[in-house]
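Hello,

Have a look at it first, then read on.

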Amino acid sequence: MTEPTAIGKGLAVSSRRRFLREASALVGGVVVANGLPSSAASAATENTNNLPPSVPEWMKTPGAPMGSQLYGAPSPFEKDVIKNISKDLPQYLSASGRTPLQDLDGIITPNGLFYERHHGGVPSIDPAQHRLMLHGLVDRPLIFTMDDLRRFPSQSRIHFLECSGNPAYTKPFGKTASDLVGLLSCAEWTGVSLKLVLQEAGLQAGAKWVVAEGADAAALTRSIPIEKCLDDAMLAYSQNGERLRPQQGYPLRLLLPGFEGNMNVKWLRRLHVTAEPAYSREETSKYTDLMPDGTSREFTFYMEAKSIITKPSGGQRLTTPGFHEITGIAWSGHGKIKRVDVSVDDGKSWQEAQLQEPILTRALTRFRLPWHWDGQPAVIQSRAIDETGYVQPTLAELLGARGENSFYHNNAIWPWRIASDGEVTNAAA
Amino acid sequence: MPRLEMWIAAAAFAASAAGAVAQAQSPYGIGRVATPAEIAGWNIDIGRDGSGLPPGTGSVSHGREVFAQQCAACHGDNGEGGVGDKLAGGQGTIATAKPVRTVGSFWPYAPTLFDYIRRAMPQNAPQSLSNEDVYAVSAYILNLNGLLPADATLDAKSLAAIKMPNRDKFVGDSRPDVKNPACMSGC
């Protein structure tokens, strides 16, 4: 199946790492024996004017004055921490761009690095001219302005969003954590409970589904079961404290915690309360999971438990044996993460990682394991277990159950190979 | 009349006079009532049974012309695919190791074709085709898949009557479908 979310062939390794590699090459290759960090080694061959015992140049003159940036941007030294967008997508209107997971800490994705998936480009919507229409099996069909929606009692919650095709089941697999599962991000969302808005219109008997439609050029349509709409669904207008970014549905999106990304309809303009699903193109010919026997699973809403080690991970390099913290993220559409196990011996044995608070329902959870690398080749991997007891499977287990053509909902354990020179690569590629 | 009741009566009068404020049974009284004309203008949903399909007709032959002008650049002259999805062929491949998913081989409901083309195609100008042209393009794509004769004309009733070959092959979500034993040592 042609899917624009497929990994491109040549995703660039960040130039920062390239710099580190080249810099260490300058001083005669890999620095191991003396334990000198390669960054110090590379600096030694370049500019020592800012290093001890000298006083750094940025202390000898005032910095930029207040107001130099009216909307703050990252340091120019972080210019390579950007969205990961393949250079050989078949097209860029229905396409996706990935979060650089391996370059981020904690559980919150900065708004500028949140993953994107659009089906008809990013519309530019004037919020004063945006309306939400709610109609169908309701007592009172209603139209809301954005000001109306912000009058309702508000709520803020932290949840992940993940595209269901993240990654595919077949090669070529990507090189980095972002290539593999970068269609994943997490934010604090603020909005109004969808339940309150539905109650405002009054649900009629027989209301079983709500068909949500976006105000984009795809008029993307997905059907949401009424149980989810009356549970934790939210109409979100803010993300990490500021209004949604255009790429995330400005001025309004549906948020369905734990459900596959495309159902969280962006640029939300219409909610049609119905007795049965729309069976739209995006829930029949796409986003259905084909099995080897020719049947296709439909309405596969939930993103099951999953985890990935982000450090060390593909494209990175351990510069020296000795202490290294293994860290990564775990998440489940079914609730909280209960445990994450890590193996550093190619799956022969596993140990429980530390979970960083807060551990939230349907949110990323950061895990850590202190590790001493002995300089020998190793394969490391993580395994998430959620509060339902579900254990993240291996790719072999998934392929055994689903074959190679189901495309969506690959939540496999992903191993990284560490070579004796410290280079980290995808062990399954 | 006590002062509070007077205020309530006045407010109720104002609400009914405005005619658009959400009624008293709304818990918050936020939003205004959508008129039938407003709903009709925005509601473009077509059910799998063809409910919501508009009046009008379109022939395979007219659809061939519209397709050549509006669709072929991305989907190929005969729906063979390109930048856009492959639209025709693939029947009999879905249960094989190399499934070819097209309208004819995979889509379960024919009315969805009208719904999707009208709302989202052509990609550079969605919602620009007339209903007649959408019927015609739907007819042409169904013809490319051997599901409609070359001399056929499609309307709401005939589109809803087409049984797609893959219709009965969709099943519910049976996950969790794997069980990792979570071995801790000696694995």
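In which sense do strand β15 and strand β16 of chain A pair, and over how many bridges? Strand β15 (residues 306–311) of chain A runs antiparallel to β16(A), and five bridges join the two. Pairing here needs at least two bridges found by DSSP between the strands; the strands themselves (E, at least two residues) and the helices (H or I, at least four) are DSSP runs numbered from the N terminus.

Before the rest, some housekeeping. This is a predicted model, in which local features need pLDDT of at least 70 and side-chain atom pairs count only at pLDDT 80 or more, while totals for chains, interfaces and linings use all residues. Residues are numbered from 1 along each chain as its sequence is written, chains are lettered from A and ligands numbered from 1 in the order in which they are written, and side-chain values use heavy atoms, with hydrogens and water left out.

Back to the strands. Lys306(A) has Trp331(A) in β16(A) as its bridge partner. Of the 10 residues of β16(A) (322–331), eight are buried, meaning under 20% relative accessible area with a 1.4 Å probe and protein chains only.

As for chain A overall, you will find seven helices and 23 strands. Of its 429 residues, 59% count as buried.

Now to where the chains meet. In chain A, 75 residues are in contact (heavy atoms within 4.5 Å) with 59 residues of chain B. The buried area between them is about 5700 Å², with 54% from carbon and sulfur atoms; this is the accessible area (1.4 Å probe) that the two parts lose on being put together, summed over both. Arg140(A), Glu200(A) and Arg281(A) supply 11% of the area that chain A buries against chain B, more than any other three residues.

Eight salt bridges are counted between the two chains, each a side-chain nitrogen of Lys or Arg within 4 Å of a carboxyl oxygen of Asp or Glu. Lys286(A) and Asp85(B) form a salt bridge at 2.7 Å, N to O.

Finally, do look at helix α5 (residues 111–120) of chain B, where 10 of 10 residues are buried. Those residues pack against β7 (209–214), β8 (221–225) and β12 (268–274) of chain A, together with α6 (131–144) and α7 (156–161) of chain B.

Best wishes

Conventions. Buried < 20%, exposed > 50% of the residue type's maximum accessible area, 1.4 Å probe, protein only.
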